[in-house]
Every structure is written in C-alpha cells, then in structure tokens.
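Please open the model in your viewer and keep the selection panel at hand. The stops below are meant to be taken in order.

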Amino acid sequence: MAALDEAPSAKRWLPLEANPDVMNQFLWGLGLQENEAECFDVYGLDGELLEMVPKPVLAVLFLYPITAKTEEERMMQANEKQEPKGSVYFMKQTVGNACGTIGLLHAVGNINSEIKLVEDSFLDRFFKKTASMDPLQRAAFLESDTEMEVAHSVAANGGDTEASDNVDTHFICFACVDGELYELDGRKSGPISHGPSSPDSLLQDAAKVIQGMIQKNPDSLNFNVIAISKKSGGFS
C-alpha cells in the first residue's frame with residue numbers, strides 16, 4: 001500500500017485490502033489454480049495460533065504501518081550492499097499502493113515449483129515474460145500492464161472497507177528460497193535474508209521476524225499476517 005513508495009509523479013492504484021477472500025479471488029482470477037493454494041488469516045504469532053494455520057505454508061504476507069522508525073531502517077538497508085540472489089524472484093515497486101499485488105507476485109514468483117498456474121493465464125504469461133528481467137524492468141513491465149491494473153482495481157474495490165488511496169501501511173512477503181528465509185519488499189533495494197529456514201519452519205521463522213518488527217512499533221495495532229498455504233486433502 002504505502003503512501004511513500006515512489007516518486008510523486010508515479011502512477012497510483014487503490015490499495016488492496018488485507019483480506020484472504022479478496023486475495024484468493026484475485027489470485028485465482030489471474031491464473032493460480034484454485035485447487036493449488038489459498039490465503040488464510042494468521043490470528044496470532046504464538047505457537048498455538050500458528051499451529052491453526054493450514055499446512056504446508058508456502059509464503060507469508062505481512063501488513064505493517066509505515067512510521068519514522070520503519071523508514072529509517074529502510075534507508076539504512078538501502079545503503080547496504082545487496083548481493084545478487086539469482087534464484088530469488090524480486091521486483092521493485094514503482095506504482096503507488098501496489099504493495100499488496102507486488103507481495104502476492106513475490107509469493108507466487110518464489111513458489112512456482114510448488115504450485116500450478118493455468119496455462120496462458122495472466123500469471124503464467126507474466127512470470128514467463130519477466131523471468132530474465134531485473135527488478136526495475138519487472139516493475140516497469142507491471143506499471144505498463146493494463147490487464148493487471150484492471151484486475152487490481154476490481155480486487156481493491158471488493159473488500160469490506162471503502163477503498164482509499166490515502167494509506168500509511170505496507171505489504172511485504174516472506175518466502176523460503178534455497179534454504180533461506182527472504183523478506184521481499186519492493187520498496188527496498190533487494191531481498192533481505194533472515195537466515196536459514198525450510199518449508200516446514202517457514203511460518204515460525206517468519207513469525208519471529210514479524211514479532212521483531214511489531215515490537216519496534218508497540219503503539220500501533222495496524223498489523224495483519226496472511227499465510228498462503230498449499231491445498232491438500234486436509235482442508236477445502
């Protein structure tokens with residue numbers, strides 16, 4: 001979402017609501033097979049509540065408030081040298097309030113081996129076309145894509161609250177790639193590694209990082225965590 005993601009002259013969309021139902025319809029409509037994966041609310045970060053989330057978890061989305069402290073940390077990370085991560089799918093954010101969509105694209109782009117996309121669907125075409133692009137080229141490709149802009153607008157207007165572009169919150173994604181937990185944030189200069197992880201421990205590992213971020217903003221209640229879980233015979 002983020003009111004501070006990009007240059008003042010940049011294109012702006014309406015923000016995507018932190019609502020699993022909205023995100024599911026959005027992803028399924030763009031080409032994620034409905035029997036492959038689904039978004040779920042994470043109601044808390046303690047062990048008992050994490051155990052309630054359907055497994056296996058493929059990726060985690062986190063919505064948090066933008067504050068002076070989070071901006072200071074982002075700028076510090078921007079000054080750090082980012083080693084290229086060849087196997088991590090990462091894109092920059094140049095469209096205002098597009099962080100929800102970019103978070104979902106980061107998720108799908110890094111779990112392609114675990115899920116199936118409908119052949120020749122938007123997502124199938126998007127990832128094939130952007131596979132060899134760098135993060136800024138992917139951002140430009142998204143910014144010029146009318147089909148995604150329309151789909152995002154429909155999803156943004158499908159939530160429970162009235163859509164407004166005056167927001168101060170931001171979505172990021174956590175995914176496990178090659179045995180490491182990565183924070184994927186289009187407002188940052190590259191993927192941030194948070195150390196070793198595995199598909200089995202992804203949710204717990206992401207929860208630890210998220211808890212640390214929440215502790216830095218103790219006065220805010222504006223946090224949401226959503227897990228993208230692979231569908232199986234265990235739930236519908």
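In this tour a residue is called buried when its relative accessible area is under 20%, exposed when it is over 50%, and partly exposed in between (1.4 Å probe, protein chains only). The model is predicted, so local features need pLDDT of at least 70 and side-chain atom pairs count only at pLDDT 80 or more, while totals for chains, interfaces and linings use all residues. Residues are numbered from 1 along each chain as its sequence is written, and side-chain values use heavy atoms, with hydrogens and water left out.

Begin with the loop between helix 4 and helix 5, where Asp-120 is placed; helices (H or I, at least four residues) and strands (E, at least two) are DSSP runs, numbered from the N terminus. Asp-120 counts as exposed because its relative accessibility is 52%, and it has a positive phi of about 65° although it is not a glycine. For background, most residues other than glycine have a negative phi, and most peptide bonds are trans.

Helix 4 (residues 99-110) and helix 5 (residues 122-130) pack with their axes 11 Å apart and at an angle of about 75°, the axes being lines fitted to C-alpha atoms, for helices over the stretch in contact, and angles running from 0 to 180 degrees between N-to-C directions. Helix 4 is therefore roughly perpendicular to helix 5, a label given to angles of 65 to 115 degrees. Show the side chains where Leu-105, Val-108 and Gly-109 of helix 4 meet Leu-123, Phe-126 and Phe-127 of helix 5, contact meaning heavy atoms within 4.5 Å.

Now move to the open sheet, whose 6 strands have the order 1-6-2-3-4-5 with antiparallel pairing; two strands pair if DSSP finds at least two bridges between them. Its edge strands, each pairing on one side only, are strand 1 (37-41) and strand 5 (192-196). Helix 1 (residues 20-30) packs on this sheet, touching strand 1, strand 2 (57-65), strand 3 and strand 6 (224-230).

Within the sheet, select strand 3 (residues 169-177) and strand 4 (residues 180-184), which pair in the antiparallel sense over 5 bridges. Val-177 stands opposite Glu-180 in strand 4, and the loop between strand 3 and strand 4 holds Asp-178. Asp-178 has a positive phi of about 50° although it is not a glycine, and it counts as exposed because its relative accessibility is 64%.

Finish at Pro-56, in the loop between helix 2 (47-51) and strand 2, where the peptide bond from Lys-55 to Pro-56 is cis, with omega near -5°.

How values were computed:
Angles under 35 degrees count as roughly parallel, over 145 as roughly antiparallel, 65 to 115 as roughly perpendicular and the rest as oblique.
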